[in-house]
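Please have the sequence and structure open while reading.

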Amino acid sequence: MEGLPLFSVIVPVYNGERYLEQCVESIIGQTYNNLEIILVDDGSVDLSGVICDGYAAKDSRVVVVHKSNGGLVSARKAGLLQSHGAYIAYVDQDDWIDCNMYMDMYEKGARHEAQLVITGSVREFSDGRATEEMPAVEEGIYRGEDIQKKIWPVLCNTSAFFIYGFSLTVWRYLYKRELLLENQMQVDDRIFLGEDYACVFPAYLTLQSFAVIQARYYHYRQHDASMKKRINFREHETIHLLFKHLMARITEAGVREVMEKKVAYITYMALFLSGFHVFLEGEEIGPYHIERGSRVVLYGGGTLGQEIYYKNLQLKFCEIVLWVDSNADAYGAEVAFPEKIEEASYDHILLAIINPEARKKVTQNLLGLGVNPEKISDIDDRQLTAANLLTIFGRNGNR
């Protein structure tokens, strides 16, 4: 492969011994072999560091960086500074990639000098299920006016809180070196929630050439759902850093007017999944219009449901009289099936579900059970504004 550009593939590693070998083997086995594989051991205390060194001893393309634990952003930066590639990619330690991923990204993107190349991915579940996630526009190279007409409308789409337009996970992309340096190095090391958004979203703001590949090469391992009983009441602080970072970047790029709502949605997504306590400190859960002291049926056993349940357990904003999910068996004895709602006395049913299509389906099912529609509390998108975020973060500034 003489004459092909060097690709640097960065793998941040922290206590990843369980899946690390599968991950690294999938990179080593790429048909595009002009690779520099940088394994960043971020202070692991298991055998990850030994595994990394073993690969470096066997393959001259593998470089290992051992550093004290500094978090994912710090590890990504360390790998980037060590890299020499004209193009850079990230792979998470739990995941793996198909053998022709980088060859296709070269042929359909890097070969044409695209600054950013995106491909599809597969979410792999432990029970053998898999779901594909594909780019939102047709395959091809987009430049100049095409980016304005075809890419920006998708990126700016705020028709629903859940919609991102394009995946904002760092690992679905191949980046031209300069583009990644410009965006990764500006991310605060203290951002540990939404750190992918902090890098990828700003990269789109100055994009001049973009390649889309309609194939799914990246395999993302979806770990088993587990009850979120360990909670952190300081997570809003890192989300505040994310919000300030994104607002600064859209202001700097001169697109604040068109992108502010998108940044607000990204920030609210992070708060819903990891900082929901900020909504439990006033007299009403604003996005749901639920009053303090209400009797609530919590519908949803996933990440958002767990976040609300366990933080409310500490803050005692309301009385959760019942916790239900249509897949209750996946979440243990605390979660019941929705049919139990018929036996409960409550003021509100809170839909602890992010996906708007799923919320619509649940709402229809609840109506079928005879639930009063006025008691179904859905997310009020009108409350999800940058102005409200400033109030929330101001109120929690001294926590």
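The second largest pocket holds about 180 Å³ of space. The model is predicted: local features need pLDDT of at least 70, side-chain atom pairs count only at pLDDT 80 or more, and totals for chains, interfaces and linings use all residues. Residues are numbered from 1 along each chain as its sequence is written, and side-chain values use heavy atoms, with hydrogens and water left out.

On a 1 Å grid over the protein atoms alone, a pocket is an open set of points with protein on both sides within 12 Å along at least five of seven lines, a cavity is a set where a 1.4 Å probe fits but cannot get out, and lining residues have an atom within 4 Å of a point. Points are joined across faces, edges and corners, and a volume is the space filled by probe spheres set on them.

Among the residues that line the second largest pocket are Tyr268, Phe279, Glu284 and Arg395. Helix α12 (residues 386-395) gives the largest share of this lining, four residues. Helices (H or I, at least four residues) and strands (E, at least two) are DSSP runs, numbered from the N terminus.

One cavity of 30 Å³ or more is found in the whole structure. Its lining includes Ile285, Val296, Asn312 and Cys318. The elements giving two or more residues to that lining are β13 (295-299) and α10 (303-315).

The table sets out the two spaces by residue class, where Ala, Val, Leu, Ile, Met, Phe, Trp, Tyr, Cys and Pro count as nonpolar, Asp, Glu, Lys and Arg as charged, and the others, Gly among them, as polar.

| Space | Volume | Lining by class |
|---|---|---|
| Second largest pocket | about 180 Å³ | five nonpolar, five polar, two charged |
| Largest cavity | about 30 Å³ | seven nonpolar, one polar, no charged |

The largest nonpolar core has 122 residues, and Phe166 is one of those that touch the most other members. Such a core is a set of buried Ala, Val, Leu, Ile, Met, Phe, Trp, Tyr and Cys residues joined through side-chain atoms within 4.5 Å. Helix α9 (residues 256-274) supplies the largest share of this core, 10 residues. Leaving aside neighbours within four places in sequence, Phe166 is in contact (heavy atoms within 4.5 Å) with residues including Ile118, Tyr173 and Phe210.

Ser167 lies in the loop between α5 (144-155) and β9 (173-176). Is Ser167 buried or exposed? Ser167 is buried, because its relative accessible area is 17%, and buried means under 20% (1.4 Å probe, protein chains only).

Note on methods: Buried < 20%, exposed > 50% of the residue type's maximum accessible area, 1.4 Å probe, protein only.
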